[in-house]
Amino acid sequence: MEYAAIRHFADKNYCFALEKGRFLIRLEVKKGDAARVVLHTQDKYLPLRLADTRRAYPMRPAHSDRYRDYYEAEVEIDVICLRYFFEIEDRAGAVVYYSNHAFYGQPVTDIDRMYDCPQTLREEERFALPGWAKNKVVYQIFPSRFATDRDVPEELWYQAPISHHADLKGSLRGVIRRLDYLKTLGADILYLTPVFQSRSSHKYDTDDYYTIDPAFGTKEDLKELVRRAHGLGMYVILDGVFNHTSVNFFAFQDILKHQGSSEYLDWYYPHKLPLKAERGKPPGYKAFGYYGDMPKLNLQNRAAADYIIDVAAYWIRECDIDGWRLDVGDEISHTFWKRFRREIKAVKQDALLVGEIWHLAGDFLAGDEWDSVMNYPFYYAALDLAASGTMGASAFLDHLGFMRGNLNRALDGYLWNLIDSHDTARFLHSAGNNLKKQKLAAALQLLLPGMPMIYYGDEAGMEGGPDPDCRRGMLWAESRRNGALFAYYQTLIQIRRRCPALTEGTLVETYAEDEAGLIRMERELGNQRITILFHTQEGSVALPDLRGRENLVTGAAFSGCLGDYEAAVLME
């Protein structure tokens with residue numbers, strides 16, 4: 001047994017409340033090392049001579065990745081404080097006891113050498129998430145390029161490739177005009193990239209956070225968009241660019257005018273005065289990605305933090321938006337986000353807060369900062385599996401296991417699973433315009449737990465290289481749209497809603513066969529048991545044992561064979 005691989009901390013990542021009185025405790029071991037794991041618990045304060053509170057719970061291998069097995073046990077408790085340790089038996093029958101980061105040859109009897117779990121504290125730290133958002137389908141809209149309410153010549157709207165500076169006249173009223181389309185597709189949540197006043201097409205360099213960019217419309221237009229979306233059962237999330245402003249933002253302009261005497265000097269991170277940015281050189285102040293026109297805000301400054309939190313609360317109060325996607329969130333302090341969560345949730349308790357981060361984000365997802373993240377690790381795995389073929393089927397399952405084994409279980413239905421975005425090349429471009437690969441990637445998004453995020457136009461077969469070419473005008477002309485692909489997305493979303501076992505069910509079996517490129521999952525919820533199949537390469541794979549079952553993707557009996565990059569959902 002590899003002792004160095006055995007890992008547990010008595011914190012809210014490894015020991016947390018699922019609900020009042022019910023806890024999950026997790027242990028990591030080297031993959032394949034353990035034959036049996038038992039969790040031993042005991043009340044901290046009640047002496048055994050008064051009450052024998054010792055309990056033993058078999059732990060199950062709930063998740064696995066390439067290197068680790070994640071064992072979990074659920075325990076029901078009503079104590080002041082729980083003490084516990086682990087019994088681990090290896091494949092050769094040797095047993096070791098692991099307690100408080102130490103190993104023992106005998107069961108641990110000294111409670112002060114056990115792990116410690118204060119029940120009330122953990123219950124108060126429980127991850128409270130907006131119930132309305134779980135497993136919902138997100139649709140990302142780039143307002144300047146999605147839809148317009150004006151007459152725009154086709155040669156302007158459909159220009160390709162496209163530059164940052166192209167003005168397609170997209171607007172909020174254009175989005176309003178297309179709400180029925182979004183509802184027909186099956187979108188639940190509309191995520192709009194920035195809509196506030198800015199001189200760029202992308203609006204990630206904000207001039208005025210309290211003003212809708214005139215090119216997009218007015219505050220009344222946003223109110224109407226939210227009101228109509230709500231009337232159709234959809235929600236609206238705005239993009240909060242709070243890491244940096246534009247150089248035209250009033251506070252930065254004041255520094256340029258007054259230099260060292262500006263009352264806003266500490267709103268930013270100046271290196272030296274006078275502030276200036278020269279092409280080809282880092283600016284004389286901290287900025288996003290060293291872009292001098294996006295100076296970084298110092299949100300450790302109380303006045304700057306007050307301003308941004310007031311902005312976020314203002315748009316919730318004024319327009320009833322349903323939450324924020326937080327741009328470059330991992331470059332802003334935990335101190336700020338903890339305060340942001342408290343104050344925004346006080347305005348709207350079920351507001352959804354989603355951070356942009358391109359790596360594992362466990363430190364932001366402990367229940368006191370964000371509700372979710374854009375799941376870029378999923379993006380990379382889907383790209384490697386379905387587009388380039390550089391990841392095998394078993395490695396993809398390992399990736400899913402790693403994410404689930406390292407995050408709070410409450411997040412299972414909340415991660416924004418994407419296959420592209422406004423910051424990446426279109427998936428179809430990355431897949432060499434292979435529509436079968438695009439359909440496989442869509443199936444990975446829409447048939448697994450989480451919040452699948454569809455980048456506008458993916459469902460219509462939009463193409464486009466890296467930023468800015470991934471931000472072309474939406475395909476509205478019937479002659480340009482791929483109707484069959486749209487219908488496929490519709491079907492997958494309908495299956496997702498028809499079969500709660502897909503997202504809420506227990507994963508009772510997983511199987512991957514790299515040579516055949518096959519992923520097979522069995523999920524169960526109540527009396528509903530379904531089989532999900534993904535064939536991740538060219539050719540065909542035979543599954544004769546499943547022949548004849550209803551395939552919800554095709555609406556016909558399953559033939560017992562999957563073709564190139566094909567997915568299936570089978571009912572028993």
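Start by selecting R178 and W476: in this predicted model, R178 lies over the face of W476, 3.9 Å from the centre of the ring.

Next, pick K439 and Y488. Here the charged end of K439 sits over the ring of Y488, at 4.6 Å from its centre.

How many aromatic pairs does a search of the whole structure find? The count comes to 46, and two of them are on this tour.

Select W132 and Y235. Their ring centres are 4.0 Å apart and the planes make an angle of 20°; the cut-off for stacking is under 30 degrees, so this pair is stacked. Colour the chain by secondary structure and find where each partner sits: W132 is in the loop between α1 (119-124) and β11 (138-141), while Y235 belongs to strand β15 (residues 235-240). The pair therefore ties together parts that are 103 residues apart in sequence.

For the last stop, select Y209 and F249. This aromatic pair is edge-to-face, with 5.6 Å from centre to centre and 85° between the planes. Y209 is in strand β14 (residues 208-212), and F249 is in the loop between β15 and α7 (250-258). These are distant parts of the chain, 40 residues apart, and the pair links them. Are Y209 and F249 buried or exposed? Both Y209 and F249 are buried, so hide the surface again to see them.

Key:
Residues numbered from 1 in each chain as written. Predicted model: local features only at pLDDT ≥ 70, side-chain atom pairs only at ≥ 80, totals over all residues. Heavy atoms only, no water. Phe/Tyr/Trp six-rings, centres within 6.5 Å; stacked < 30°, edge-to-face > 60°. Helix = DSSP H or I, 4+ residues; strand = E, 2+ residues; numbered from the N terminus. Buried < 20%, exposed > 50% of the residue type's maximum accessible area, 1.4 Å probe, protein only. Lys NZ or Arg CZ within 6 Å of the ring centre and 35° of its normal.
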